[in-house]
Amino acid sequence: MRRRGMRSILVIVAAFLLVACVAAEGEKEYVLTLDHSNLTETVAKHNFIVLEFYAPWCGHCKSLAPEYEKAAAELSSHDPPIVLAKYDASDDANRALAAQYELQGFPTIKILRDGGKNVQDYNGPREADGIVAYLKKQVGPASPEIKSKEDAANLIDEKKIFVVGIFPEPSGEKFENYLTLAEKLRAETNFAHTVDAKLLPRGGPVDKPTLRLLKPFDELFVDFEDFQVDAMEKFIAEASIPVVTVFDNDPNNHEYVNKFFDGTNSKALLFVNFSTELEAFKSKYNDVAKLYKGDGVSFLLGDVEAGEGAFEYFGLKPEQAPLIVIMGTDDQKFLKDHVEPDAIAAWLKDYKDGKLKPYVKSQPIPETNDEPVKVVVRDTLQDMVFNSGKNVLLEFYAPWCGHCKKLAPILDEVAVSFESDPDVLIAKLDATMNDLPKGQFDVQGFPTMYFKSASGNLSQYDGDRTKEAIIEFIEKNRDKPVQSDSAKTDSAKDEL
């Protein structure tokens, strides 16, 4: 009897688990999954749709997924419903369409309006409640009207940048240009308009159309009166960046750090230890920044503790701090480590006068390089590739890239097949740790492969990533090796 009772319990448990599994399998997903076959058609049907470009192997994408799904579920009941979708941009079949959206990494979220005619970056939070609040604001008017001090208090977050158009008469060309601007920049900047400047928390009354930018740093508000759209956009971009942007672990500063790096100026970045060195540098660095304000250079002061990613990007070590780096608009970089506070102004002047030697990031030259696929770094690129006189297939890769990991054993096989051929070299370069020479390689994603023939012809490989296809491409495009100058001299002597 006991055995029969136990068997009954097991049957009930099994049935319960089966029902639970079926329920889980049947649970509705609110995020639309799109691919190359339906992306264009789906976007065209929606006046407003949010699209996440992701890669299945991306850790940040995995973290975002449950929050994105929660937000999609809640927004599905919004009036009208707000649709969230996702698109695997790492899938080979999907890559061509994804390239149209100029992705810089994963995940990237875009807001698509008017059937995809208007594409804007999503610059909001990455957790469900924040996504919901941000997107609800995005589907409302780009610039709501402030009619009372209560409206102003509800709309304006005094810890963030806020732009208000002040119009004694809300009509005419200037007002229309303002609305155009608000619609264009709504994904990244908060706007409102009013007929009465006295309703605003900062700044005095005005009697003519005025664009007022409120901010939680420096002079706290700035007025502007040129209502050409391009002029207003430039004004907002420049006024939204502090004289010195602070880069630390305070999340309130992250918005300004993003604006700093999105700006078009050259960028000066000073990294010091905030706990021991901040006071020694802060005032003098701020003075230098004021000196160069409006002269094409933006300034950032970063904490060494928060700047781990920046040090890795530049190929530097925290022990080199205090250090200052300049990122020029022409992609050149300049570096001075162990800098003293009093030396910064003179060093900046040397940069402006063109007296500094550019800094080029390179991994150390490997002590051994005996694997089938040879390792190239920036300091060996010229000798191993351009001046080698060989036919070289060079892969640009990123260590975290799933497609690169998949390609690695295939390139090993290709390299082994040419191991006895002294005229062919298969090589790889970590493009995240080595600067590339400007204008020679167009590396927009990973992996990217280039072939340099022995005679110097350079072409990008865009064929199948199979051993057979790569070998066929090399055989078809290879040249006879180019003799070095010493070899040519020896040959001439033999002829004599």
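Tutor: A residue is called buried when its relative accessible area is under 20%, exposed when it is over 50%, and partly exposed in between, with a 1.4 Å probe and protein chains only. This is a predicted model, in which local features need pLDDT of at least 70 and side-chain atom pairs count only at pLDDT 80 or more, whereas totals for chains, interfaces and linings use all residues. Residues are numbered from 1 along each chain as its sequence is written, and side-chain values use heavy atoms, with hydrogens and water left out.

Student: Is Leu316 buried or exposed, and with what relative accessible area?
Tutor: Leu316 is found in the loop between α11 and β13, where helices (H or I, at least four residues) and strands (E, at least two) are DSSP runs numbered from the N terminus. Leaving aside neighbours within four places in sequence, Leu316 is in contact (heavy atoms within 4.5 Å) with Phe311, Leu323, Val325, Leu335 and Tyr359. By the cut-off given above, Leu316 is buried, its relative accessible area being 10%.

Student: How far apart in space are Leu316 and Lys476, C-alpha to C-alpha?
Tutor: Along the sequence, Leu316 and Lys476 are 160 residues apart. In space, C-alpha to C-alpha, the separation of Leu316 and Lys476 is 41 Å.

Student: How far apart in space are Gln138 and Glu183, C-alpha to C-alpha?
Tutor: Gln138 lies in helix α5, residues 128–139, and is buried, with a relative accessible area of 3%. Apart from neighbours within four places in sequence, Gln138 is in contact with Phe48, Ile111, Arg113, Arg186 and Ala187. Gln138 and Glu183 are 45 residues apart in sequence, and their C-alpha to C-alpha distance in space is 9.6 Å.

Student: Around the axis of α9, what arc do the buried residues cover?
Tutor: In helix α9, residues 254–262, the buried residues are Tyr256, Val257, Lys259 and Phe260. They are on the same side of α9, because the arc that they cover around the axis is only 160 degrees, the arc being that of the directions from the helix axis to the C-beta atoms. The value asked for is therefore 160 degrees.

Student: Which helix is included in what covers the buried residues of α15?
Tutor: The buried residues of α15, which runs over residues 467–477, are Ala469, Ile470, Ile471, Phe473 and Ile474. Their cover includes the strands β16 (391–397), β17 (424–430), β18 (448–452) and β19 (458–461), together with the helix α14 (402–417).

Student: From which residue does the cis peptide bond to Pro322 run?
Tutor: Pro322 is found in the loop between α11 (308–314) and β13 (323–327). The peptide bond to Pro322 is cis, with omega near 0 degrees, and runs from Ala321.

Student: Asp114 is not a glycine, so to speak of its backbone, what is its positive phi?
Tutor: Asp114 is found in the loop between β4 (108–113) and β5 (118–121), and counts as partly exposed at 43% relative accessibility. Although Asp114 is not a glycine, its phi is positive, at about 55 degrees.

Student: What is the positive phi of Asp331?
Tutor: The place of Asp331 is in the loop between β13 and β14 (333–337), and Asp331 is exposed, with a relative accessible area of 58%. Asp331, which is not a glycine either, has a positive phi of about 75 degrees.

Student: How many disulfides does a search of the whole structure find?
Tutor: Cys401 counts as buried at 2% relative accessibility, and Cys404 counts as buried at 5%. A disulfide is taken to be a pair of cysteine sulfur atoms within 2.5 Å. For the whole structure, the number of disulfides found is 0.

Student: Turning to the chain as a whole, what percentage of its residues are buried?
Tutor: The protein chain has 16 helices and 19 strands, and its C-alpha trace spans about 95 × 90 × 50 Å along the principal axes. Among contacts between residues at least 6 apart in sequence, 67% join residues at least 24 apart. Of the 496 residues in the protein chain, the buried share is 41%.
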